[in-house]
Amino acid sequence: MKPTRVLAYAVAFTSIISTAGYTAHGAEVPLGSTTMKGHMVTQVLAVDPANYQITIEGADKSPVPLQLTDKAKALHNLKVGDKVDIHVIRSVAYTLDTNVDSTPGISNESKTVRASKDNPNPGGEAIRRVKVTSKITHIDLKKHEVTLLPPEGEARVMKVEDPKLQARMEKLQVGQTINAIYTEVMSVKTSR
């Protein structure tokens, strides 16, 4: 299992326990979220429109190659030396589905918004949302452990160390699911 997914399960479980005192049957209970933002202004070092590749200057001044898709329709307008302004927002939100017997799963959505026709410079916005649902398969109040079944891989046992959180574990039910929703929005503008 990927380290990011393991971290997501650990944070999701901690969030569940901290809010498990709320009762709302048949609904999703928000558990918590985190947001990370990044901004970078750089320049184009190389453009290969035939292969949908560009190289930009990294934060440490080293070249960073980027592979684009055939959706980069205005790539031929990009020139070496053009400025690239990149904004990235990443967030992870966690919810507890109070319905029992939901199934683990992954959904993946993406959307691309291009710059307007009036703007000859390439750019736009890309949005990606991934929802990972894990099912609670076992709760051991004596050992202070909860077992989560992810959509891929084997079940994972999460140990609850905090005594305050341990007291709230009895509100959880086998069959409930935890949703970890990862959203990434990247906005790119170019100029000369």
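Reader: Why is Q173 called partly exposed?
Author: Buried means a relative accessible area under 20%, exposed means over 50%, and partly exposed is what falls in between, with a 1.4 Å probe and protein chains only as cover. Q173 has a relative accessible area of 31%, so it is called partly exposed. This is a predicted model, in which local features need a pLDDT of at least 70 and side-chain atom pairs count only at pLDDT 80 or more, while totals for chains, interfaces and linings use all residues. Residues are numbered from 1 along each chain as its sequence is written, and side-chain values use heavy atoms, with hydrogens and water left out.

Reader: Where is Q173 found, and what is its distance in space from I139?
Author: Q173 is found in the loop between α2 (163-168) and β9, where helices (H or I, at least four residues) and strands (E, at least two) are DSSP runs numbered from the N terminus. The C-alpha atoms of Q173 and I139 are 7.6 Å apart, although 34 residues separate the two in sequence. Contact means heavy atoms within 4.5 Å, and I139, leaving aside neighbours within four places in sequence, is in contact with E145, V146, M169, L172, Q173 and V174.

Reader: What makes a nonpolar core of the set that includes I136, L148 and L172?
Author: A nonpolar core is a set of buried Ala, Val, Leu, Ile, Met, Phe, Trp, Tyr and Cys residues that are joined through side-chain atoms within 4.5 Å. The largest such core has 12 residues in all, namely V29, L96, I136, I139, V146, L148, M158, V160, L165, M169, L172 and I178. β6 and β7 each supply at least two residues of this core. A second, separate core has eight residues, V44, L75, V84 and V88 among them.

Reader: How do you know that strand β6 pairs with β7 and with β9?
Author: Two strands pair if DSSP finds at least two bridges between them. Five bridges join β6 to strand β7 (residues 145-149) in an antiparallel arrangement, and 13 bridges join β6 (residues 123-140) to β9 (residues 177-191), also antiparallel, so that both pairings meet the criterion of at least two. I136 has L148 of β7 as its bridge partner, whereas I127 stands opposite V185 in β9.

Reader: Why is K61 called exposed?
Author: K61 has a relative accessible area of 59%, and therefore it is exposed.

Reader: How do you know that D82 is buried, and what polar contact does its side chain make with R192?
Author: D82, which lies in the loop between β3 (63-67) and β4 (83-97), has a relative accessibility of 3% and therefore counts as buried. A polar contact is a pair of N or O atoms within 3.5 Å; within protein, one must be able to donate a hydrogen and the other to accept it, and residues adjacent in sequence count only if both atoms are side-chain atoms. The side chain of D82 makes such a contact with the side chain of R192 at 2.9 Å, and the D82 side chain also reaches the backbone nitrogen of K79 at 2.9 Å. Leaving aside neighbours within four places in sequence, the residues in contact with D82 are T42, Q43, V44, N77, S191 and R192.

Reader: What makes E125 partly exposed?
Author: E125 belongs to strand β6, and its relative accessible area is 30%, so it is partly exposed. Not counting residues up to four places away in sequence, E125 touches K111, T112, V113, V185, M186 and S187.

Reader: Where in the chain is confidence lowest, and where is it highest?
Author: pLDDT is the predictor's confidence in each residue, from 0 to 100. Confidence is lowest in helix α1 (residues 3-19), at a mean of 45, and highest in β2, at 92. Over residues 1-25 pLDDT stays under 50, while the chain averages 80 and 81% of its residues score at least 70.
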